[in-house]
Amino acid sequence: MSVSRHALQRTQYTLDSSSERDKLPSATLPSVTLLSGRSMPVLGLGTYELKHHTVDTVGQALEAGYRMFDTSGDYHTQRGIGDALRDSEVPREAIYLVTKIEETEDAFEATRANLSELKQPYADLVLIHRPPARGVGETQWQGLRRAKRLGLVNDIGVCNYSIEQIEELVYRTGELPAVNQVEWSPFGHSPSMLDFCHDNGIVIQAWSPLTRAQRLNDNKLCAMAARYGKSPAQLLIRWNLQLGVVPLPKANHAQHQRENLNIFDFEISQTDMSKLRTLNEHYSAMGKLPYV
Ligand SMILES: NC(=O)c1ccc[n+]([C@@H]2O[C@H](COP(=O)([O-])OP(=O)(O)OC[C@H]3O[C@@H](n4cnc5c(N)ncnc54)[C@H](OP(=O)(O)O)[C@@H]3O)[C@@H](O)[C@H]2O)c1
């Protein structure tokens with residue numbers, strides 16, 4: 001089946017490189033609008049396998065200007081994120097918290113457990129971590145809907161779903177996911193997934209947007225980045241933003257964190273955007289892109 005498109009708003013990206021917004025400090029990051037009408041920052045910090053104390057790493061990221069944090073029940077970073085938020089002067093309303101439930105878990109109870117670790121009354125977004133072995137997660141979706149009805153989460157979505165799996169989920173639940181979080185870089189992405197999500201107002205969040213640093217030495221990428229006076233990591237992040245994709249680069253080091261936010265003062269030309277897309281070889285740091 002195909003997802004009904006009427007009555008669905010197209011994802012509204014408020015990023016406009018020529019606007020004054022680009023000159024604003026990172027604490028006022030531009031946002032994207034989700035199907036619900038709520039806003040999400042265009043860039044967040046990934047927290048999978050943070051090497052140092054999470055509370056220090058997240059605290060330093062808050063100071064640098066990060067306002068969105070991506071975690072999961074199985075990352076072991078939720079307690080540290082909760083502590084860093086508690087210690088920070090940034091108000092909760094200015095923070096965007098993303099967490100995930102495992103596809104094998106009771107979604108409602110797992111959401112409550114995640115919030116308990118985070119020491120938060122609600123999350124902004126909760127995602128099903130991956131499609132279950134059987135079916136498309138209808139039961140998990142109902143659990144997340146219950147959490148949403150009770151105010152434990154504002155928006156709900158999925159990770160690593162193919163177009164067909166999203167269509168099946170929509171067919172069974174009558175509801176589109178706000179977000180599909182997938183591994184995404186010029187080296188590994190899917191133009192058809194991009195079109196599908198844009199057409200249906202689903203925001204793509206990019207995990208491993210820096211290829212876990214595996215491709216940052218690519219010759220073509222480095223040469224192009226040098227032309228813009230930017231690092232390869234900055235070019236990868238900006239590429240996502242210009243596609244309307246929300247990257248979640250992980251960085252333990254303060255220098256990397258700051259560098260990854262410093263991407264609002266340049267624009268990749270359309271020619272170079274196209275060249276970057278030709279690097280696509282369905283590369284995955286995990287071996288295989290699960291959604292293609
Ligand atoms: N939904 C899912 O199934 C799923 C799966 C995997 C990941 N994720 C999420 O996506 C996030 C990001 O993915 P990831 O952590 O796998 O990898 P990534 O963000 O692609 O890469 C992280 C690596 O890049 C390095 N790095 C960061 N900024 C850099 C810069 N400016 N220059 C050079 N190197 C730089 C980091 O170094 P340092 O740390 O040393 O600074 C780290 O080694 C995760 O943390 C997690 O939140 C979701």
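Gln-142 lies in helix H4; helices (H or I, at least four residues) and strands (E, at least two) are DSSP runs, numbered from the N terminus. The model is a predicted one, with local features needing pLDDT of at least 70 and side-chain atom pairs counted only at pLDDT 80 or more, while totals for chains, interfaces and linings use all residues. Numbering starts from 1 along each chain as its sequence is written, and side-chain values use heavy atoms, with hydrogens and water left out.

Back to Gln-142: its relative accessibility is 35%, so it counts as partly exposed (buried means under 20% relative accessible area, exposed over 50%, partly exposed in between, with a 1.4 Å probe and protein chains only). Asp-106 is 36 residues from Gln-142 along the chain, and 10.0 Å separates their C-alpha atoms.

Gln-142 also takes part in a helix pairing: together with Glu-138, Trp-141 and Arg-145 of H4, it meets Leu-169, Arg-172 and Thr-173 of H5 (contact means heavy atoms within 4.5 Å). Sorted by type, the residues of this contact come out as 2 nonpolar, 2 polar and 3 charged (Ala, Val, Leu, Ile, Met, Phe, Trp, Tyr, Cys and Pro count as nonpolar, Asp, Glu, Lys and Arg as charged, and the others, Gly among them, as polar). H4 spans residues 138–149 and H5 residues 163–173; they pack at an angle of about 60 degrees, with axes 10 Å apart. Axes here are lines fitted to C-alpha atoms, for helices over the stretch in contact, and angles run from 0 to 180 degrees between N-to-C directions. H4 and H5 are therefore oblique to each other (under 35 degrees counts as roughly parallel, over 145 as roughly antiparallel, 65 to 115 as roughly perpendicular and the rest as oblique).

Then there is the sheet. It is open and parallel, with 8 strands in the order S4-S5-S6-S7-S8-S9-S10-S11; two strands pair if DSSP finds at least two bridges between them. S4 (45–46) and S11 (246–247) are the edge strands, each with a single partner, so one side of each has no neighbour in the sheet. Further in, S5 (residues 68–70) and S6 (residues 96–101) run parallel and are joined by 3 bridges, with Phe-69 opposite Leu-97 in S6.

Ala-251 sits in the loop between S11 and helix H9 (254–261). At 3% relative accessibility, Ala-251 counts as buried. Beyond its neighbours within four places in sequence, Ala-251 touches Leu-45, Gly-46, Thr-57, His-256, Gln-257 and Asn-260. Met-224, by contrast, is 27 residues from Ala-251 in sequence and 22 Å from it in space, C-alpha to C-alpha.
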